[in-house]
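Dear colleague,

I am passing a structure on to you, together with some notes on what turned up in it. Please look through the model first and then read on.

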Amino acid sequence: MSVPIRQQIDVGLYILQQKLKGNKKYPLVLMLEPLFRCNLACAGCGKIDYPDEILNQRMSVQECLDAVDECGAPVVSIPGGEPLLHKEIDQIVKGLIAKKKYVTLCTNALLMEKKMHLFEPSPYFNFSVHLDGDVQDHDRSVCQDGVYVKAEAAIKAALAKGFRVNINCTLFNNAVPERMADFFDHMMDIGLNAITVSPGYAYERAPDQEHFLTRETTKNIFRDIFRMGKEREAQGKAKWRFGQSALFMDFLAGNQTYECTPWGLPTRNIFGWQRPCYLLGEGYAKTYKQLMEETEWEKYGTGKYEKCANCMVHCGYEPTAAEDAFKNPLKLLKLALGGIKTEGSMAKDIDLSKQRPADYVFSKHVQEALDVIHADKLRKAVEPKQSETVEAAE
């Protein structure tokens, strides 16, 4: 795992503190979405189909910093949309680093070289570039030619300036293990710090619904990729550096039976605190306290809810793996010594027979947000007229 030792120690101490306090539900990473607007339109994305009035909204710097104080997570991931479109993104990052938070800025890298001067290398900061494979695979994924070339150039430029740079790689059912292995080899060759991998989540509003992975397909693809990684390492090639826990990777290969921990990565965006997780927007809380205390957590997760049936995404299961590692260090040690099993039987999966049917509520919270925006516009339009009336009366 290629997570800096300093960060591993700080996060480990944070988990220990939560255990000593008796906290059973606590956040590890805050998913902070200051905007939904993006300069790409990826077919597998469920974040960009909002009306323009929603896409034009931004969280303020103060709202972002307040969210971090409310939540208290030691790590902050800033996805989007495209965060570099936010005019105050540098102030947000600087404010978070001042609070000693480990910040990951997620970006498609189209604006990365142009805006790199706004940031400084720091042990508390890294770029995470969205790259779903080589030139052909990635440009197909983002539905635009030439994006991969710009992204790799930005990665090299950032590495040359001393920044930590990871990639966030999402796999779909058209992923070819050999091509992914070649891609991972290339990323190591250019000096990338770490790779984050995850199976694509089936966003209900994504334009392309044909290429999302089932759980069985996910496990088989990752077993193939991890097996190739072992073979290439034996041939003298660089070991792939993953920025995720070994037990989560073992889970992707079908060797662990985990339930998701949605509260481990809470999401704050322009609507508020998203229920129940980063992937599902089924209502919002005004405060983090309300999110934790009023969300019906028992209704969500694989085996409980139809929308969660095929999910094996890191934002739900990485916190579970971290909890398992804390409780079972010998399991982690065994995995470190023996590596991820890529042959033989898999762990028993979760039963789906009792899951409740999907509830489609997206349009409701969007309409509620639009009502608030329209009311605010009306209020601002009326206030000057009221002021003029008062002045005339005086």
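This is a predicted model: local features need pLDDT of at least 70, side-chain atom pairs count only at pLDDT 80 or more; totals for chains, interfaces and linings use all residues.

Since buried means under 20% relative accessible area, Asn108 counts as buried because its relative accessibility is 6%. The side chain of Asn108 makes a polar contact of 2.7 Å with the side chain of Asn39, and a polar atom of the Asn108 side chain also lies 3.0 Å from the backbone nitrogen of Leu110. Leaving aside neighbours within four places in sequence, the residues in contact with Asn108 are Cys38, Asn39, Leu40, Glu82, His130, Val147 and Ala151.

Turning to the sheet, it is open and has 9 strands with mixed pairing, in the order E6-E5-E4-E3-E2-E1-E7-E8-E9. Its edge strands, each pairing on one side only, are strand E6 (194-199) and strand E9 (281-285), and the twist from one strand to the next averages 30°. Strand E3 runs parallel to strand E4 (residues 125-130), and 5 bridges join them; within this pairing, Thr104 has Asn126 in E4 as its bridge partner. Helix H4 (residues 89-98) packs on the sheet, where it touches E1, E2, E3 and E4, and its direction makes about 170° with that of E2. Helix H3 (residues 61-71) lies across strand E1 (29-32), strand E2 (75-78), strand E7 (267-269) and strand E8 (272-276), and runs at about 155° to E1.

As for the aromatic rings, the count comes to 24 aromatic pairs. One of them joins Phe125 and Phe163, and this pair is edge-to-face because the planes stand at 75°, with the ring centres 6.2 Å apart. Phe125 lies in strand E4 and Phe163 in the loop between helix H7 (147-160) and strand E5 (164-171), so the pair ties together parts that are 38 residues apart in sequence. Phe125 is buried, with a relative accessible area of 2%, and Phe163 is buried as well, at 5%. Elsewhere, ring pairs link Tyr148, Phe183, Phe184, Phe222, Phe226, Trp240 and Phe242 into a cluster.

Finally, two placements of charge over a ring: the charged end of Lys25 sits over the ring of Trp263, 4.7 Å from its centre, and that of Arg356 sits over the ring of Tyr305, 3.8 Å from its centre.

With kind regards

Definitions and conventions: Residues are numbered from 1 along each chain as its sequence is written. Side-chain values use heavy atoms; hydrogens and water are left out. Buried means under 20% relative accessible area, exposed over 50%, partly exposed in between (1.4 Å probe, protein chains only). A polar contact is a pair of N or O atoms within 3.5 Å; within protein, one must be able to donate a hydrogen and the other to accept it, and residues adjacent in sequence count only if both atoms are side-chain atoms. Contact means heavy atoms within 4.5 Å. Two strands pair if DSSP finds at least two bridges between them. Helices (H or I, at least four residues) and strands (E, at least two) are DSSP runs, numbered from the N terminus. Axes are lines fitted to C-alpha atoms, for helices over the stretch in contact, and angles run from 0 to 180 degrees between N-to-C directions. Rings of Phe, Tyr and Trp (its six-membered ring) pair if their centres lie within 6.5 Å; planes under 30 degrees apart count as stacked, over 60 as edge-to-face and the rest as tilted. A charge sits over a ring if NZ of Lys or CZ of Arg is within 6 Å of the ring centre and within 35 degrees of the ring normal.
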